[in-house]
Amino acid sequence: MNKFFSVADVDNLDNIVKEALELKANPFAHETLGKHKTLGLVFLNPSLRTRLSTQKAATNLGLSVMVMNMDKDGWALETRDGIVMNGTTVEHIREAAAVMGEYCDILGLRSFPSLTDREADYNEDLFNKFIKYCGVPVVSLESATRHPLQSLTDLITITEHKKTTKPKVVLAWAPHVKALPQAVPNSFAEWMSQAQKEGLIDFTIAHPAGYELAEEFTSGAHITHDWNAALTSADFVYVKNWSSYKEYGQVYPVSENWMMDNEKLKLTNDAKVMHCLPVRRDLELSSEILDGPNSLVIKEASNRVWAAQIVLKRILEHLSK
Ligand code: SN0
């Protein structure tokens, strides 16, 4: 593996999940693989789980880690070409990425979408420039359109907790007060559609009208506006808010209350409830569920380490070829 950006960077989902679970059983089996190599984690937006789990995974592999909070500690970054930098931006991504590439063998990058310019966001303009100018393998720590370390984690977690060979997995839209990216649901849909193709799960997406995701991520998924029908006999419910793709970045009023709670849980096959976190309690998901026996959110967050570790391991193996 020479980069990790989407499900297309993984050839077989079943294999990568199995190998991640082997690392979970034996975290220090490859503790010298990353010796004398450096991972740089570059954040243009906040992070808790991604930062800590990736750092921990890297340490388990013997890597040195440097963290750069560009949004708080870096120079204001210019990403446009052909402009005179006489405004507020101080350093161009051409130099910033190239310099970080000199210090690091692998770089991770987090950059959220603007939610105003759909074309730039969905072309992954910023991410692609970073890849081009840094010159080393790049791991997505969530880009404008995807969050692949989260989706790999989610597949690992579903595999560990499934009670049937082909569980019903439902991605369920939830309310929020802010306009959030489509990256997590896009990525979850992309990975689960592929898992469905490989015969591992049965995948449904439920959202109110107006919240359709971009079709490139949802091919093969059952898509419905009927929340109750989607929840019926579900084994896993993945709760997540996102803003509109069609009316880009907009938040429509929704009359029905789409917050997942114990009443809704009764429709399911005693479903396990997942969320990538951070979660707004009693807005997206009820406290009852979060504090109850059906919640997987902490176990899911814990598995972020093994997703990051298998990805870093594969990239290190590529580098040492
Ligand atoms: C991000 C998102 O993409 O939805 C990160 C998830 C890993 N979430 C938020 O920005 C939540 C912000 C909030 O105010 O609740």
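Which side chain meets that of glutamate 19 in a salt bridge?

1. The partner of glutamate 19 is arginine 314, with an N to O distance of 3.2 Å, a salt bridge being a side-chain nitrogen of Lys or Arg within 4 Å of a carboxyl oxygen of Asp or Glu. The pair ties together distant parts of the chain, since glutamate 19 lies in helix α1 (residues 13-25) and arginine 314 in helix α14 (residues 304-319), 295 residues apart. Helices (H or I, at least four residues) and strands (E, at least two) are DSSP runs, numbered from the N terminus. The count by the salt-bridge rule is 13.

2. This is a predicted model, in which local features need pLDDT of at least 70 and side-chain atom pairs count only at pLDDT 80 or more, while totals for chains, interfaces and linings use all residues. Residues are numbered from 1 along each chain as its sequence is written, and side-chain values use heavy atoms, with hydrogens and water left out.

3. Oxygen atoms of the ligand lie 3.0 Å from a side-chain N or O atom of histidine 176, 2.8 Å from one of lysine 240 and 2.5 Å from one of arginine 280. Taken alone the ligand exposes 410 Å², of which the protein buries 86% (accessible areas by the Shrake-Rupley method with a 1.4 Å probe).

4. Two backbone features deserve a look in the model. Serine 233, although not a glycine, has a positive phi of about 55 degrees, and is found in the loop between α10 (227-231) and β10 (236-240).

Terms used. Polar contact = N/O pair within 3.5 Å; in protein donor to acceptor, adjacent residues only side chain to side chain.
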